[in-house]
Amino acid sequence: MASAADARPTACLALADGSLFYGKGFGAAKEVSAELCFNTAMTGYQEIMTDPSYAGQIVTFTFPHIGNVGVNPEDDETADPVAEGMVVKWDPTEPSNWRATERLGDWLARRGRVAIGGIDTRRLTRAIRQQGAPHVALAHDPDGKFDPAGLVKKAQAFAGLEGMDLAKTVTCAQSYRWDEMRWAWPEGYTRQKEAKHKVVAIDYGAKRNILRCLASAGCEVTVLPASATAEDVLSHKPDGVFLSNGPGDPAATGAYAVPMIRGVLEKDLPIFGICLGHQMLALALGGKTIKMNHGHHGANHPVKEIETGKVEITSMNHGFAVDVETLPKGVEETHVSLFDGSNCGIRMKDRPVFSVQHHPEASPGPQDSFYLFERFAASMAG
């Protein structure tokens with residue numbers, strides 16, 4: 001028979017409006033403040049937690065079976081989890097997968113990330129959709145001792161993501177080469193040995209699988225920090241330039257990224273951007289970005305390519321979007337979300353410069369969007 005101590009909540013999620021959610025904590029015992037979003041993906045919780053685009057955010061998973069396949073080193077998108085924490089419906093079960101090397105809770109604790117289970121995630125998701133992404137504080141205390149009023153104040157004190165440059169907190173410290181290709185059965189990850197194109201990838205918070213897709217498309221990849229200048233990029237004599245995904249407000253990151261991109265544009269090099277890289281390109285071309293109500297986070301988002309009419313099932317993770325009405329002449333919209341009509345891609349009409357808001361490397365389709373990497377490679381070959 002469970003004791004009163006066993007029944008006591010060991011985690012508390014406080015929203016800035018004063019709402020409180022109690023549940024069972026797992027992972028690290030600590031407090032964090034962040035923006036709360038929800039993700040509708042049914043798989044990939046490890047990739048989501050290690051996606052640098054989630055810096056400054058706590059993720060509510062709408063799918064209840066989180067933790068059931070454990071974690072393993074091969075599925076990390078970066079060296080450590082970047083999302084501040086996670087919220088789930090059910091407590092994680094014992095992992096049941098031949099690739100698992102560790103339990104989710106142990107992995108989170110070792111990596112310093114906090115989580116709460118036993119939450120009505122449907123109610124929380126409705127609140128996010130109706131009110132916008134709220135500021136929250138999440139606390140895990142094994143003894144169940146909380147200061148609810150203090151947590152609400154910490155949630156209210158969170159500055160928010162608007163105006164925040166988070167790319168500088170997740171970018172690489174120095175340049176490096178990348179040659180690992182996409183995972184394939186039965187070899188696993190293999191190395192690119194016959195590269196045809198030299199690509200410089202700007203790391204605003206790059207996911208490893210994006211770099212793998214570039215390598216698999218025949219690219220020799222050199223990764224540079226987000227602060228790289230046009231001179232830094234051009235000194236490598238690239239055939240093309242890639243602009244990666246990343247977190248935070250694109251307008252804030254654009255303070256130093258836009259001048260670099262404009263310098264590269266002057267050299268007529270092919271450019272391909274994803275997510276934050278897409279937004280950076282739009283800003284460099286004269287467009288603007290806007291903060292979304294609750295953003296797009298999930299692996300089931302239909303996106304239409306306007307030119308062909310093809311609909312792709314995509315993975316998305318963004319809280320800002322390009323305002324298509326601000327795009328200048330010579331730049332056209334190429335992709336659009338079938339959920340809400342928001343912009344999901346642009347290109348220059350007369351040059352091989354293009355970008356998309358969604359994540360073609362995340363494989364929800366599973367291969368609906370890989371043509372974008374092949375298009376980038378073809379533009380460099382041409």
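Within the lining of the second largest cavity, strand β17 gives the most, with three residues. The model is a predicted one, in which local features need pLDDT of at least 70 and side-chain atom pairs count only at pLDDT 80 or more, whereas totals for chains, interfaces and linings use all residues. Residues are numbered from 1 along each chain as its sequence is written, and side-chain values use heavy atoms, with hydrogens and water left out.

Three cavities of 30 Å³ or more were counted, a cavity being a set of points, on a 1 Å grid over the protein atoms alone, where a 1.4 Å probe fits but cannot get out, with lining residues having an atom within 4 Å of a point. The second largest cavity has a volume of about 40 Å³ (the space filled by probe spheres set on the points, which are joined across faces, edges and corners). Helices (H or I, at least four residues) and strands (E, at least two) are DSSP runs, numbered from the N terminus.

The largest cavity, with a volume of about 140 Å³, is lined by 17 residues, of which S53, G248, H318, G319 and F320 lie nearest its centre. At least two lining residues come from each of α10 (276-284), β13 (288-305) and β14 (311-323), and β14 provides the largest share, four residues.

How values were computed: On a 1 Å grid over the protein atoms alone, a cavity is a set of points where a 1.4 Å probe fits but cannot get out, and a pocket is an open set with protein on both sides within 12 Å along at least five of seven lines; lining residues have an atom within 4 Å of a point.
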